[in-house]
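Have the viewer open as you read.

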Amino acid sequence: MTPTDAYLTSIRYPHHYQRETSAAWLCFGVEALGYRPPETARGYRWCELGCGQGYTAALNAAADPRGEFHAVDLNAEHIDAGRALAREAGLDNLHFHLGDFGAWADEGHSLGEGFDFIVVHGVYSWISPDQAERLERLAARWLAPGGLLYLHYMSQPGMAAQAATQRLVATLAARHHDPRLGLEQGLATLARLREAGAGFFIAHPEAARSLDAALEGDRDYLAHELLGGHWRAMHVGEVMTRMAALGCDYLGSATLQENIDASSLPAGCLAALDGIDDPVARETLKDIARNQSYRRDIYQKRRRALTPSEHRDALLRQRVARLPGAPRRGPIRFSTPIGEVDGDDSLLLAILQALEATPSMSFAELARQPSLRGRIQQLSPALQMLTWAGALHPAQPCADATPGRRLNAILARRRLAGEEFSHLACAGIGAGIGFDLEQALLLDTARTMPDTDGHRLHRAANERARSLGIPAIAPPRWQRLVNETLPSWRRLGVL
């Protein structure tokens, strides 16, 4: 491998899930912004360009069998792994394709009629400018009118300082036949430079913090981010301009908190937006104010704005579900890139309490709660912040949960065997829901003992843990799992 190679294929991309890629999440965000998303009730088409091993695609397909899912990657090992998982889980609505979307853009290749959703995470910043331009053209051509493009990329100015350190790591790694060894040498060299008082780290303290995170991070992911032949932190204005030329209009961010200026910009910077109507200038200013490092843009092919009355009706129909681990008491504080933001506990806790024992509620149903009457104007931003923070998730009428349960049984077993999976399929939200090793043990045990009381279930789970050579679940943690996680999973179709 050399620093000029286009893309790293010798290391598999890890099993990472991106919640913002689901149709449910994107529709929720777009409606909150005042635009009409694609209709999903009678089915939709979804495609991921650069799908890795297909974990995100598999979770979304299992969680929402109404959709037709396609996943594209140029790494044959990735596609083989994705197909094997889909076959084992019986995901008939998920299709994998081996191919180079850059070449497909030039050849006019098609995967059928237009897609309602196209998602691109990570790869856009790791390919050459020429390949990125082809990706843009392909996505714009494949989108159906009104379809949404989720585009994730490293951005200026937050990632600007990382260009030098990335280049050093990639150059050092190119001397090794094993990219993992090369990556370790590059990171160790940066650590020595920092300890020696290198001027770069003094002038760029955020680079030192990024190095700390890298030293603790997933090496396979870092290999993809740092060792490819192309690495670009992009200016949002350039991306917006190119996409507009292809007929795709910028709507907002899939990082929902970023659509609320009061919660995502330093208070002293808000006045700087006054009088700036140009969308490119506004987004560029916001990126500077936030020192933006990553963006999750949403574009729509031929923007479809809602009228004020349509927007109100769309908000009232939105549904949300409470996730396990949501706060039960205050104070609620949001950790944001600009620091801690205090929430309104009287509002946020009232929302969470209303959702505690039900699969989901609509905006209209929440607004009728006695504790929330008269606060309808505050509900939408509150729901967006709680969703962004992981306490809530956009919900949908529970589709057939059978495919998700099949996949979840596989994922739990493989997690217990040592594979790094982080999410399960959840039909109640049409997306993935996080889980850890102890929750994998809970699911694997409860799935085979569905009517067992908590005490016997705990004993069986810990016997299973001993047989696997993993730590037993302590009683306080078990109580939280059986009293909160297990009922929530059952309401939402995880189990």
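**Charged pairs and what surrounds them**

The side chains of Asp344 and Arg375 come together in a salt bridge, 2.6 Å from N to O; the term covers a side-chain nitrogen of Lys or Arg within 4 Å of a carboxyl oxygen of Asp or Glu. This pair links distant parts of the chain, 31 residues apart: Asp344 sits in the loop between strand S10 (339-342) and H15, and Arg375 in the loop between helix H16 (363-367) and helix H17 (376-388). Helices (H or I, at least four residues) and strands (E, at least two) are DSSP runs, numbered from the N terminus. Arg375 is buried at 16% relative accessibility, while Asp344 is partly exposed at 33%. Those labels mean under 20% relative accessible area for buried, over 50% for exposed, and partly exposed in between, with a 1.4 Å probe and protein chains only.

A word on the ground rules: this is a predicted model, where local features need pLDDT of at least 70, side-chain atom pairs count only at pLDDT 80 or more, and totals for chains, interfaces and linings use all residues. Residues are numbered from 1 along each chain as its sequence is written, and side-chain values use heavy atoms, with hydrogens and water left out.

How many salt bridges does a search of the whole structure find? The count is 32. One of them joins Arg134 to Asp106, with the closest N and O atoms 2.6 Å apart. Arg134 belongs to helix H5 (residues 129-142) and Asp106 to helix H4 (residues 101-107), so this contact ties together parts 28 residues apart in sequence. Arg134 is buried, with a relative accessible area of 18%, whereas Asp106 is partly exposed at 46%.

Then there's Arg328 with Glu356, whose closest N and O atoms are 2.1 Å apart in their salt bridge. Here two loops are tied together, 28 residues apart in sequence: Arg328 is between strand S8 (319-322) and strand S9 (333-336), and Glu356 is between helix H15 (345-354) and strand S11 (361-362). Arg328 is partly exposed at 41%, and Glu356 is partly exposed too, at 30%. Salt bridges can also form a network, as they do among Asp261, Arg282, Glu283, Lys286, Asp287, Arg290, Arg295 and Asp297.

Now for strand S6 (residues 248-253): 6 of its 6 residues are buried, so the strand is largely enclosed by the rest of the structure. S6 pairs with strand S7 (residues 294-301) in the antiparallel sense over 5 bridges, pairing being called when DSSP finds at least two bridges between strands. Within this pairing, Asp249 stands opposite Gln300 in S7.

What about disulfides, meaning cysteine sulfur atoms within 2.5 Å of each other? The count is 0. For Cys51, the nearest cysteine sulfur is that of Cys47, 8.7 Å away. Cys248 also has Cys47 as its nearest cysteine sulfur, at 14 Å. Cys51 is buried at 7%, and Cys248 is buried at 0%.

Finally, the backbone. Gln156 and Pro157 are joined by a cis peptide bond with omega about 0°, and another cis bond joins Gly330 and Pro331, at about -5°. Pro331 is in the loop between S8 and S9. Asn291 has a positive phi near 50° and is partly exposed at 38%. Arg302 has a positive phi as well, near 65°; this arginine lies in the loop between S7 and helix H14 (308-317) and is exposed at 54%.

Terms used:
A disulfide is a pair of cysteine sulfur atoms within 2.5 Å.
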